[in-house]
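Here is a short briefing for a reader new to this structure. Look over the sequence and the model before reading on.

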Amino acid sequence: MESVTNQHKLAFFAAVSAFIGVIENFIPLPIPFLRLGLANIPICLGFSLFNFGQITYIVFFKVLMIHLFRGTLFSYPFLIALMGNALFLLMTFPLYFLFKKRWISFFSISLTGAIAHNLGQLLLALFLLPQNVVFNLSLFFLFSGSIMGSINGIICNILYPGVIARFFMENPLYQVHRDYIQCRLCPNFCKLKEEHQFGVCGVRKRENDCIVNPFSGILSAESMDPIEKKPLYHFYPGSQIFSIGFYGCTLKCKFCQNHSISQHKPPPHAEVTQPKELVDYIKKQGLKGIAFTYSEPTLYFEWVLETARLCRKNDIKTVLVTNGYLNPEAARTLLAEIDGANIDLKAFHEDFYQRLCSARLEPVKEFIKIAWELKVHIELTTLVITRENDSLEECGQITNFIAALSPDIPYHISRYHPSYQFNAPPTSEKTIKSWVLEAQKKLHYVYGGNVAFDNDTKCKKCQHILVSRSFYQTDRGGLSKEGRCKKCGSENYFKQ
Ligand code: SF4
């Protein structure tokens, strides 16, 4: 009779234990999403699996074991807990492979949590309970296990996302520190100490211990442009490209030609466009490509990446017009999905980048190298500004850098006009002409921008005109479909 009563008590406590266990694991479920943000969906899903794994183990395993083995040694909750831990570890094992580059993973996390959980119960029982009260000891294990498990579950779920974000994430866009969160998207590496604080770009901000882009999907402009306007002269020449812009910039160029959007936030309640909506629209209109342009697109990293991936699935070409101020990990991820890019190389001395753009030169050079290495079609642009970067020595340094990657990379030398906080006189056409001549000594394709020059593309071998241009009108009569010169058959650097 006594043993039946005890079994009832045991069943009751098992039910209580399971109930608390479910609560313990459900309550912290949204915490990783809130802390890590949607940019880290694989990690968040990992945490969800982790929690669901625990729930499954508690509901099915604990209760089932108590029911199946009632009255035997295996119904003792401490043993059940240990066996449950083993099962749980097996369940989290796939996550270990998912995150195999990190020796510590959910596998070790779950192990640590489980050991701490059960050792805590054991120590409490040994210190607080008479040793000969075996059944009560079992009940105590069950009940205290649930309470300690709850505390463990909540603490783990609060701590682990931060720990993982800091040390173990594959490609983190930010790092969580004790006193601040550091954005790792661009080389500004902003340290955001307060909730709701913006980085120097004025776009990305700290929210719920994550760094997010609250303006994701807000467009400043959309229009059809000739591809030559990007400028891209060797990428589907003569085609039109659907072009969209954003707000904000990672740089603070005092001479910015697009400051009305690059140095401002979007208006309140602006409409948000989802990547899929946009791609559906492009498909419906029968358009062949999209350019992320007008302001700095890399600030909208997640949105542009998602859109570019959708475009690739739908055979739509993508173009990035960028200042190249992006850290290497993010650059590799994004550029892997991009077909063509025009990258600014504003000058070739650090002083220019620091004094006039609040930035550094080296990361831009690194970005260009990565783009070339990843076989993105690239063309480079320099805005030549009176008395700031207009010496032929500067031109020589830039063209040496480009030629070392490949003399085939098209180079656009653009004429400056006073704008934003800069009122130096416009660059003379003579200066642009001398730059073009200087650059042509080392590069095959050099063009003047914002000037009335002959900007035809000639075959790098026989000088036959491949593509002739008059403003944005192009005639590509000298170029074969395969990108070869129709006269001598030489291959030239074209994507078409
Ligand atoms: S993207 Fe913005 S917040 Fe992030 S480091 Fe660059 S400037 Fe700072």
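**Briefing**

Alanine 452 sits in the loop that runs between β13 and β14 (457-458). Strands are DSSP runs (E, at least two residues) and helices are too (H or I, at least four residues), numbered from the N terminus. This is a predicted model: local features need pLDDT of at least 70, side-chain atom pairs count only at pLDDT 80 or more, and totals for chains, interfaces and linings use all residues. Residues are numbered from 1 along each chain as its sequence is written.

**The loop**
- Alanine 452 counts as exposed because it has 9 C-beta neighbours inside 10 Å.
- Serine 470 is 18 residues from alanine 452 in sequence, and 9.0 Å away in space, C-alpha to C-alpha.

**Helix α14**
- Helix α14 covers residues 429-440, 12 residues in total.
- Thr431, Ile432, Trp435, Val436 and Ala439 are buried in α14.
- They cover an arc of only 140 degrees around the axis, which puts them on the same side of α14.
- That arc is taken from the directions from the helix axis to the C-beta atoms.
- Lys430 and Leu437 are exposed, on the face of α14 turned away from its buried side.
- The buried residues of α14 pack against β11 (377-384), α13 (392-405), β12 (411-415) and β13 (446-449).
- Contact here means C-beta atoms, placed from the backbone, within 7 Å.

Conventions. Expected span 1.5 Å × (residues − 1). Buried ≥ 20, exposed ≤ 12 C-beta atoms within 10 Å, placed from the backbone. Contact = placed C-beta atoms within 7 Å.
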